[in-house]
Amino acid sequence: MRFGDAVGFAFTSLRKRRLRTFLTAAGVTIGIGALVCMISFGKGMQKNVTKAFKSADLFNSLMVMPGGRSEAVGDPDGPRARRAVPAGRTGAVLDDAAVAAIARTPGVVSAYPEVNFPALVGLEGEEEFRLVQVVPAAVAASPAVRVGWGRAYATDDEAGVIVSGPFARRLGVKDPAAAVGKTLRITSVSFDLGKLASLDLSKLFTGGGLPVAQESYDFPILGVTEMTAFGENGPGLGQNDVFLPPGPARGIKRLPITSVWDVFRMSEGGLGYSAVSVKLGSLRDLEAVKSKVREMGFSTFALADQFDEITKAFFFMDMILAAVGMIAIVVAALGIVNTMVMSILERFREIGVMKAVGAGDKDIRRIFFFESGAIGLLGGAAGCALGWATSLLINRIVNLYLARQGMPYIDYFAFPAWLFLGAMGFSLLVSLAAGIYPARRAARVDPVVALRHD
Amino acid sequence: MNAPPLLQTRSLSKTYVIGDVRVEALADVTVAVGEGRFVAVIGASGSGKSTLLNLLGGLDTPTAGTIEVGGALISAMDREALARHRRHVAGMIFQSFNLIPARTALENVELPLIFAGVERAERRRRATELLDRVGLAARAAHRPSELSGGEQQRVAVARALANGPRILLADEPTGNLDSRTSREIVGLLAGLNRDRGLTVVMVTHEEGLAREHADEVVRLRDGRVVAAGGGE
């Protein structure tokens, strides 16, 4: 029997039992659809995050923090990191001299301190507390700060700020473009020397009577950053709402601390910066720069080191999503077995006739096997279409919902070609596996018994 | 010099075990059919006629004894070899026609050619020619349900001839037909035997038809050959 004839037999038989074919294939369709949907979501997440990291050049970045020579462990703000690297114990202070030394290290393109301070930020009467991030002009103009409207400040001394799109919305400016040119008021908190002289120390322990004063500074908004749903500016800068150049920042009276962590470092002898961002020319320089910086007495954190972990995490996420999809596939496979066994019973006599006119066991096995495979192919193709359509629908609904909250349009699902090919192949494989038992059973039919069958 | 028979059985037995009961369908059957002969096997219901035909056609395997067709030992063949025997050597027709209802007359005739791996255009040509030979060229596109009993049996005959078998095995081919149509069908088989030299073994309970057309009549009773001899 020719291959084409066996395929023809399969499709003729499926056409004859249209409703049952449809229902059985629908099971496969749902299973494959769920699988495609799940995996495309996993791939979408991975693609978005990887793209975000790459676009912000995060793989070529290194964070330098005060602390020992020990290896940085995970999140620098995480509790483990803090315990493992106690503040300033080695005595190395991350001051301007250290920043300059780091910047001179071969392989380093730029190094700038992470400086921020808490302030009340207001625009046309609306006010909110924010950490103001002091960022050099070179960094503000880089992909790390994605200015979508207006521009970044041209020099480190230009008097102007950049705000994030969502923050502008929170302050009542619906159209981010309209925020450009408006005046932002930054009200900082600093020590009030006058109050310090008449300080009632007992009140300090209950949180009252702090010797602080407020001072306001006005800056024109030069640019507004784009929304970054996946932290496209990377962890750190992406989460900041207000960027200020170093020049004007120096003129702002403010507290030298932003957290209890700084208080510890201050009491240990030298405050310095809480962190320094280092940009490398190439990922290849990472190890050399890291060891140099550690020799200076600082600890480091590189996202590139975490990439394997991130990849592994995505792999596990894919596996979990695929496992959920697999449940539907297993149910669909049972449906195929059921349909095919039913088909044997219905076509019992036909099998006998085919054998009587010369069909061998192999031919019968092939006919049933191909029939089962055809269900898989039909179901798989429809499943790919269903998964794709469902993903697009979910994507649209989620984006509609998030657009109301000022989030930009993002493709949460990714459809690499291998996903469809793989899904079709997998569907075919599962249905062929489901067809093994029915095909063998059909091939074993005794023609004499079958021909007597009514 | 006598040519060796095309078909030869020796001490052929077939015993079925149904539960605890052993049913001896055939016992010690030894028959020989020469090439180009028309042999009728007659006997009452349950005498083992159909069992004998199933064994000759390679649909079933004997419990004991041997079957030789054209020098090949059918009784020792494995399942695939038996399938080849059914496909190329022994064409079969049945009382209930056994056409596939969903397929047209032409497609039913094509069926053995499909299993023989004949390519589509060639099998169309051969099936059309066979239908023409049995007088059904005009009914090629009809499904079995649209054909009369006689027409269905003609389609079955055409199908049995598809791969050019050496022997045609007919199991009660007139059992579901009226007497006029029965005569036509047996006449068709006799014509194939006479004109093309096709060896025919026909199981029937109609002794008159058997004696009229057959060269030899083998009479079975309770699974044993009780008489064998020439027809009219």
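Okay, let's start with one glycine: just after α14 of chain A, Gly358(A) takes a positive phi of about 120 degrees. When I say helix or strand, I mean DSSP runs numbered from the N terminus, H or I over at least four residues for helices and E over at least two for strands.

Some housekeeping. This is a predicted model, so to speak: local features need pLDDT of at least 70, side-chain atom pairs count only at pLDDT 80 or more, and totals for chains, interfaces and linings use all residues. Residues are numbered from 1 along each chain as its sequence is written, and chains are lettered from A and ligands numbered from 1 in the order in which they are written.

Back to that helix. Among the buried ones are Arg349(A), Glu350(A) and Lys355(A), along with Ile351(A) and Met354(A). And what covers them? The cover includes α15, α16 and α17 (447-452) of chain A, together with α2, β7 and α3 of chain B.

Let's take the chain A side of that cover. Helix α15(A), residues 361-403, packs on α16(A), residues 417-443, at an angle of about 150 degrees with the axes 7 Å apart. Axes here are lines fitted to C-alpha atoms, over the stretch in contact for helices, and angles run from 0 to 180 degrees between N-to-C directions. The crossing is right-handed, meaning the near helix is turned clockwise from the far one by less than a right angle, with anticlockwise being left-handed. By class, the contact of α15(A) with α16(A) has 18 nonpolar, 9 polar and 3 charged residues. Nonpolar is Ala, Val, Leu, Ile, Met, Phe, Trp, Tyr, Cys and Pro, charged is Asp, Glu, Lys and Arg, and polar is the others, Gly among them.

α15(A) also packs against α1(A), residues 3-16, at about 60 degrees with axes 8 Å apart, so these two are oblique to each other. That crossing is right-handed. Contributors from α1(A) include Phe9(A) and Phe11(A), and from α15(A) they include Phe370(A) and Glu371(A).

Now over to chain B, which has 7 helices and 11 strands. Of its 232 residues, 50% are buried. At the interface, 21 residues of chain B are in contact with 18 of chain A, contact being C-beta atoms, placed from the backbone, within 7 Å. On the chain B side, the elements giving two or more residues are α2 (79-88), β7 (90-94) and α3 (105-115), and α2(B) has the largest share, 5 residues. That side divides into 11 nonpolar, 4 polar and 6 charged.

Asn98(B), in the loop between β7 and α3 of chain B, has a phi near 55 degrees, positive in a residue other than glycine. Asp222(B) also isn't a glycine, and its phi is positive at about 50 degrees. Buried or partly exposed? Asn98(B) is buried, with 23 C-beta neighbours inside 10 Å, while Asp222(B) is partly exposed, with 14.

Definitions and conventions: Two residues are in contact if their C-beta atoms, placed from the backbone, lie within 7 Å. A residue is buried if 20 or more other C-beta atoms lie within 10 Å of its own, exposed if 12 or fewer, and partly exposed in between; C-beta atoms are placed from the backbone. Angles under 35 degrees count as roughly parallel, over 145 as roughly antiparallel, 65 to 115 as roughly perpendicular and the rest as oblique.
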